Amino acid sequence: MKAETWFRHPAGILISSAGATLLWGSALPVIKISYEHFHIDSSNVFGEWVFAGYRFALAGLMLIALALLMGQTRRTDRIPLSLPRVMRLGFIQTFMQYLVLYAGLSFSSGIEGSILVGSTSLFQILSARWMDKTESLNPAKWFGLLLGFLGILVMGFAQQGVQFHFGFGAVLLLASAAFGGFGNVLFRKESTNESVIALTGKQMFAGGLGLLLVGAVRSGLAPFHFDTKGWLLLAYLSLLSAAGFALWNTIMKYNAVGKVSLYLFLIPVFGVLLSAVLLDERVSAWIGLSLALVVTGIIIVNRSGQTSRKKAMTENGVPEKGVT
């Protein structure tokens, strides 16, 4: 099966999106383990930037090496993106998104992080509408988005109680979500003529180097002692970043943004569930309702998309049974 066929098929979208968000969700507890292992305090933002820089630069190198092995960088039917445009993409999708994310988390609680980072879906949909006028925003998509937010609210308040303060940290987290949503849509536009794997690798490497250099201003380039466990933690985080971004960017390339954006709400849900497994953290019974709300929102959005396609094909005289 060709990649395009798989990533456009409902089962392919579901499995790939769940896989990408599961990988990103697993990053939350593994980052906590890594910070504890490397003695990175939550107030040490520069140290967090250095660690993130190593993580994303290594992830980028993994994908570039994979693209070379697959021969995707030598295909004559694709014109590689110019260096300034790769740098712009890396600046937005990796560097700025994670620069302000880690800064924001140092001024915010976990519930604030979960709720506001979840707004990436909203910014992704709005960015798509702004950059591509063919992206429709119907009531079903807004309702599905609302259910997704409610799912994150239920999960967050059940885990930590109602304690939300909109301050400087919240502004930074919203900025991170905006950079993430806009970066995802920008990648979709820029990946028209270049391999997703190669382009993802190049932008992540560029963004990772930027984070490393900024963090090194205060922490230096080598503030950590890497033992076997440390290397394994860094390797896993780099691998999940490479696989997660490559999967998500491919999904975005072949599908309408509004159709897949709500899957991003699964990231904090998976993060909480995996934290319970890996960190032995308490999980509220309300997590089931949270997951149900997110999944219901996804179903509503996808069913509305199918209905719209059927209506369009019927108006154009195409038999309805031809719709998949």
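How many Å² does the accessible surface of the protein chain come to, and what share of it belongs to carbon and sulfur atoms? The total is about 15,300 Å², and 67% of it belongs to carbon and sulfur atoms; accessible areas here come from the Shrake-Rupley method with a 1.4 Å probe, and for residues only the protein chains shown count as cover.

A word on the ground rules. This is a predicted model, in which local features need pLDDT of at least 70 and side-chain atom pairs count only at pLDDT 80 or more, while totals for chains, interfaces and linings use all residues. Residues are numbered from 1 along each chain as its sequence is written, and side-chain values use heavy atoms, with hydrogens and water left out.

**Overall build and confidence**

The protein chain has 13 helices and zero strands; helices (H or I, at least four residues) and strands (E, at least two) are DSSP runs, numbered from the N terminus. Of its 324 residues, 50% count as buried, where buried means under 20% relative accessible area, exposed over 50%, and partly exposed in between (1.4 Å probe, protein chains only). Taking contact as heavy atoms within 4.5 Å, 87% of the contacts between residues at least 6 apart in sequence join residues at least 24 apart.

Confidence is given by pLDDT, the predictor's value for each residue from 0 to 100. Its mean over the protein chain is 84, and 84% of the residues reach 70 or more. Over residues 312-324 pLDDT stays under 50, and the model has seven contacts beyond four places in sequence for them.

**Helix α9 and the cores**

Helix α9 (residues 196-219) has 24 residues and reaches 33 Å from its first C-alpha to its last, close to the 34 Å expected; the expected span is 1.5 Å times one less than the number of residues. At its start, a side-chain oxygen of Ser 195 comes to within 3.3 Å of the backbone nitrogen of Ile 197. Just after α9, Gly 220 takes a positive phi of about 85 degrees.

A nonpolar core is a set of buried Ala, Val, Leu, Ile, Met, Phe, Trp, Tyr and Cys residues joined through side-chain atoms within 4.5 Å. The largest one holds 67 residues, of which Phe 51, Leu 211 and Trp 248 touch the most other members. Helix α10 (residues 228-254) gives the most to this core, with eleven residues. Apart from it lies another core of eight residues, including Ile 92, Leu 186, Val 196 and Leu 199.

| Residue | Helix | Relative accessible area | Contacts |
|---|---|---|---|
| Phe 95 | α4 (residues 83-105) | 11% | Gly 90, Gly 207, Gly 210, Leu 211 and Val 214 |
| Ser 121 | α6 (residues 120-131) | 0% | Leu 145, Ser 261, Leu 262, Leu 264 and Phe 265 |

The C-alpha atoms of Phe 95 and Leu 212 are separated by 9.6 Å, though these residues stand 117 apart along the chain.

**A loop residue to look at**

His 39 is found in the loop between α2 (10-38) and α3 (45-69). Its phi is near 60 degrees, a positive value in a residue other than glycine. Most residues other than glycine have a negative phi. His 39 counts as exposed because its relative accessibility is 72%.

Conventions
A polar contact is a pair of N or O atoms within 3.5 Å; within protein, one must be able to donate a hydrogen and the other to accept it, and residues adjacent in sequence count only if both atoms are side-chain atoms.
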